[in-house]
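Subject: Structure for your review

Dear colleague,

My notes on the findings follow it.

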Amino acid sequence: MGTLDGKVALVSGSGRGIGREIALKLASEGAAVVVNDLDPTPATRTEQDIKAAGGQAVACVGSVTEDGFAERFVNTAVESFGGLDIIVNNAGYTWDTVIQKMTDEQWDTILDVHLKAPFRILRAAQPYIKANPTDYHRKVVNVSSAAGVFGNPGQSNYAAAKAGVIGLTKTLAKEWGRYKVNVNAVAFGFILTRMTDAVSGEDTFVEIGGRKIKAGVSQAVMDRVKTSNPLGRPGTPAEAAGAVYVLCAPETDYVSGQCLNVDAGSR
């Protein structure tokens with residue numbers, strides 16, 4: 001028996017990294033999961049791994065920023081599993097530079113994926129949630145960042161988007177409380193993913209949406225993380241997923257409108 005038996009979850013950006021671990025964790029607790037990634041291969045891999053472990057999953061491939069994606073994402077949950085109980089807005093990436101060098105494209109792209117996309121997904125889910133009341137609490141967890149709480153040099157676009165996510169969260173907690181929906185956020189500190197792994201030598205890039213985005217941090221930055229973090233290390237994607245799971249569990253039915261800092265007490 002899992003704590004999320006019978007629940008249906010949407011997890012955006014769940015083909016890799018933190019999102020994948022969130023999907024695996026929710027599925028391990030009994031939720032049927034709609035997996036999403038921009039690329040079909042990682043989305044299918046997460047879907048298959050959930051099924052291989054005895055869980056239920058279906059992939060919904062596509063960019064969260066595409067027109068019509070939000071409606072398709074929500075409809076996939078309803079059509080595949082007959083409901084919608086948990087929404088985790090996780091998809092995203094960084095595209096950094098200092099403000100005087102940041103282009104409108106950089107600004108708009110990051111705001112679109114981190115703030116506009118969650119807004120669209122939640123807007124698309126509202127008619128279903130309103131029309132289908134439940135006797136239990138449904139959950140929304142929006143992924144923010146320590147950058148959105150405290151700011152971070154070189155990330156004015158990302159920090160602004162993640163700060164907006166917190167405002168969206170607090171507002172939806174007030175609007176959706178009458179539907180028995182808890183809406184919370186998590187603000188991750190330094191978590192090891194493909195976007196933050198330490199690199200040496202030449203720059204490393206990943207391709208996202210047809211763009212080459214610089215990834216990784218210098219060894220000097222990694223060393224500073226280790227010395228400034230009270231636990232002496234970065235977090236893992238599985239640990240990040242654990243925080244999201246806590247806010248999806250029945251034990252947090254009276255927690256709403258909150259932003260949980262997941263940074264080992266670094267700030």
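This is a predicted model: local features need pLDDT of at least 70, side-chain atom pairs count only at pLDDT 80 or more; totals for chains, interfaces and linings use all residues.

The expected span of a helix is taken as 1.5 Å times one less than its number of residues. H6 covers residues 156-176. Its 21 residues should span 30 Å at 1.5 Å a residue, and because its end C-alpha atoms are 30 Å apart, the two values agree.

Turning to the sheet, 7 strands form an open arrangement in the order E3-E2-E1-E4-E5-E6-E11, with parallel pairing. Its edges are strand E3 (57-59) and strand E11 (259-262), each of which pairs on one side only. On average, neighbouring strands are turned by 15° against each other, direction ignored. Strands of a sheet pair through backbone hydrogen bonds, either parallel or antiparallel. Here, strand E2 (residues 32-35) pairs with E3 in the parallel sense over 3 bridges, and Val-35 stands opposite Ala-59 in E3. E4 and E5 also run parallel and are joined by 4 bridges; Ile-87 stands opposite Val-140 in E5.

Strand E5 (138-145) is mostly covered, with 8 of its 8 residues buried. In a regular strand the side chains alternate between the two faces of the sheet. In E5, Arg-138, Val-140, Asn-142 and Ser-144 point one way, while Lys-139, Val-141, Val-143 and Ser-145 point the other way, and all are buried.

Helix H1 (residues 17-28) lies across E1, E2, E4 and E6, running at about 175° to E1. Helix H4 (residues 104-131) lies across E4, E5 and E6, at about 170° to E4.

Which elements do the buried residues of H6 pack against? They pack against H4, E5, helix H5 (146-150), E6 and E11. Among the buried residues of H6 are Tyr-158, Val-165, Leu-168, Leu-172 and Trp-176.

The contact involves residues of H4 including Trp-107, Leu-111, Leu-115, Phe-119 and Leu-122, and residues of H6 including Tyr-158, Ala-161, Val-165, Leu-168 and Trp-176. H4 passes H6 in a right-handed crossing.

Yours sincerely

Terms used
Residues are numbered from 1 along each chain as its sequence is written. Side-chain values use heavy atoms; hydrogens and water are left out. Two strands pair if DSSP finds at least two bridges between them. Helices (H or I, at least four residues) and strands (E, at least two) are DSSP runs, numbered from the N terminus. Axes are lines fitted to C-alpha atoms, for helices over the stretch in contact, and angles run from 0 to 180 degrees between N-to-C directions. Contact means heavy atoms within 4.5 Å. Buried means under 20% relative accessible area, exposed over 50%, partly exposed in between (1.4 Å probe, protein chains only). A crossing is left-handed if the near helix is turned anticlockwise from the far one by less than a right angle, and right-handed if clockwise.
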